[in-house]
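Hi everyone, thanks for making time. Have a look at it first.

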Amino acid sequence: MFHWLEKNPFFFSVGVFIVIAFAGLIEIVPNFAEASRPVAGLKPYSVLELAGKEVYKKDNCLSCHSQLIRPFKSETDRYGQYSLSGEYAYDRPFLWGSKRTGPDLHRVGNYRTTDWHENHMWEPTQVVPGSIMPAYKHQFTNIADIETAYAEAVTVKNVFGTPYGDEFQPSREAWEAHKPKVLAEAKAIAADMKDPGVKAAIEADEVPEIVALIAYMNRLK
Amino acid sequence: MQSNAALEYDYTVAKLFTYTAIIFGLVGMLIGTLIAAQLAFPELNYLFGEYGTFSRLRPLHTNVVIYGFTVSGVFATFYYSAQRVMKVSMAESSFIMMVGKLQFILYVILAAWMVVTLFMGVTASKEYAQMEWPLDVLTVLVWVLWGVAMFGLIGMRREKALYISMWYFIACFLGVAMLYLFNNMEVPTYFAAGGLGSMMHSVSMYAGTNDALVQWWWGHNAVAFVFTVPIVAMVYYFLPKESGQAVYSYKLSLLSFWGLMFVYLWAGSHHLIWSTVPDWMQTMGSVFSVVLILPSWGSAINMLLTMKGEWNQLTENPLIKFMVLASTFYMLSTLEGPIQAIKSVNAIAHFTDWIPGHVHDGVLGWVAFMIMAALFHMAPRMFKREIYSKKMLEAQFWVQTTAVVLYFTSMWIAGITQGMMWRAVDEYGNLMYSFIDTVTVLHPYYTIRAVAGVLFVAGFILFAYNMFMTMTASKKLEEEPQFRSPMAA
């Protein structure tokens, strides 16, 4: 049979495809619906938090930080309760990471504050002596893209049924109507911060990346 | 009608991809060495403002070495060897020639676009699938063009039975196509939200645990179909060609091929052990990872036994040395992987530096060694000149072998140290170390790893220079060498 396949590239290719395809079917499909269910009471990310998640992706925090607490005592002692599948139901994409050059962040909102993050992102070593994490000063001046974050919320609502309210609509008017809420949320975060540049930007109705990022990290609980 | 005149193979496209393999290899490894040094000396994060941080550069390193260096090497060796094993020349079809050149042009555009977007931080953020959706579309186009060239050549072939290397190239094409498409299913938000926000942004079709499963089904099997399958294709072609020895066992190659195809895909979930995916999937990943030793070692043993009775070539021909060491590192790496996939070991190894250590004994010792040896074998045949310097080849071999050994040994120690410290408790059962203790302790190992990076890049510069001189300045050859590649002392 194998000799025959080697002379018939079409059937050879079909054979290879069948052999490689069904492992995925068996491992991914059966559990798909169950793994999509959120835990009870899980709220979707706010637009500001989504914008912060984009900063998290843009500066690729996940190259050094995981968001997955494994079910060991050493991990629950260090980071809090082990992670549950349903907690990630609104994470598109998932941000578990694969390497802990720095600590896990899945519940960082439980034990770090806005103030702590501000100092840490400006200069990590002043909060954690010996830290090898780079400073992310550019996040204090770069402006977060909250419009794209809104577009993301509308997309996941319409395509995947993520429970956002009726005011989330694919139109510029709807976005303009929602925008003040985002700015108010950002203002509340910035009230706990001290950087004058950040405060000035917030006054000018702009959201620096650091504010969005902190909103996102405070939400990780 | 088949004449007795030798076919004139056309290496235009193979040459083009050879150039990009060298260039991207150099760029990717330089970035890799920089980020390795950043972990030991964090001040190096501030060389290029926000574009120079470890976190921004890491995906550049991985993407440039995978999709730049390795994939260029795969295309170059394919366009070289496919013609020869199927007894058909690219010059016989202007259509296939056009497809090959178009594929190259689009590939270079894609690579440049990828570098720019990743520097800017435009990323889908899934590992080894960071490119945003418009780049994904272009990737699919490049891949389809490769498929057209591949099956076009197959359609024209004179040698009816496909040689082993072709099995693996076909599998590479199909496997990557399937995995890439499913993993990169994403919805562009600009179009779904009535023209709001950025055109480049998208959200994944899958969420949370499902996204993780699909991602590591891809992530693991990108290793299978980019770092293993086409590299096995290379070793099956180039080792017999360079040594003049027939492949040891046809049956073993059959068993290894179909075994690898069947088993590899199951093992993806070993990246998710102790995560929130169901326990049975994790166990499945563990079990199949261990089974995977069989087909992997099958190929490697088949290669090593091909040298049976001819081991003297190992001392005489540095290219044989490269390929034999590559096969040996393949064995090491495919034993190490299954060990890490055992649940109790994974509890310590996961999230630590042992993982990049494992990756690099595979990609440096196996993938890079094999690709460089293949390109060296091709050079005298493509450029009709002898290899410029044997001494330089020898030097490169030892510098890079030292580099790989330093890399994985330091990362083994670093990883196990960190894994043990995270879980260490004192006599009252309290955690013994704060997280930062487990970071600062790694400084010496990160330094050794950075040195390993410098050595490997130094070896790669020797390779690039040797190749460049072979192309331009070396002694011309009257006729094509039969087996062993001619090289000047």
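So, the meeting point: 73 residues of chain A are in contact with 72 residues of chain B, where contact is two residues whose C-beta atoms, placed from the backbone, lie within 7 Å. On the chain A side, the elements giving two or more residues are α1 (2-7), α2 (9-28), α3 (32-35), α4 (47-58), α5 (73-79), α8 (146-160) and α9 (172-190). Helices here are DSSP runs of H or I, at least four residues, and strands are runs of E, at least two, numbered from the N terminus. The largest share of that side, 12 residues, is from α2(A).

A bit of housekeeping. This is a predicted model, where local features need pLDDT of at least 70 and side-chain atom pairs count only at pLDDT 80 or more, while totals for chains, interfaces and linings use all residues. Residues are numbered from 1 along each chain as its sequence is written, and chains are lettered from A and ligands numbered from 1 in the order in which they are written.

Chain B has an average pLDDT (confidence in each residue, from 0 to 100) of 95, and 99% of its residues score at least 70.

Now chain B itself. It has 17 helices and 2 strands. Its C-alpha atoms fill a box of roughly 80 × 60 × 45 Å, along the principal axes. Among contacts in chain B with a separation of 6 or more, 81% join residues 24 or more positions apart.

How values were computed:
pLDDT = per-residue confidence, 0-100.
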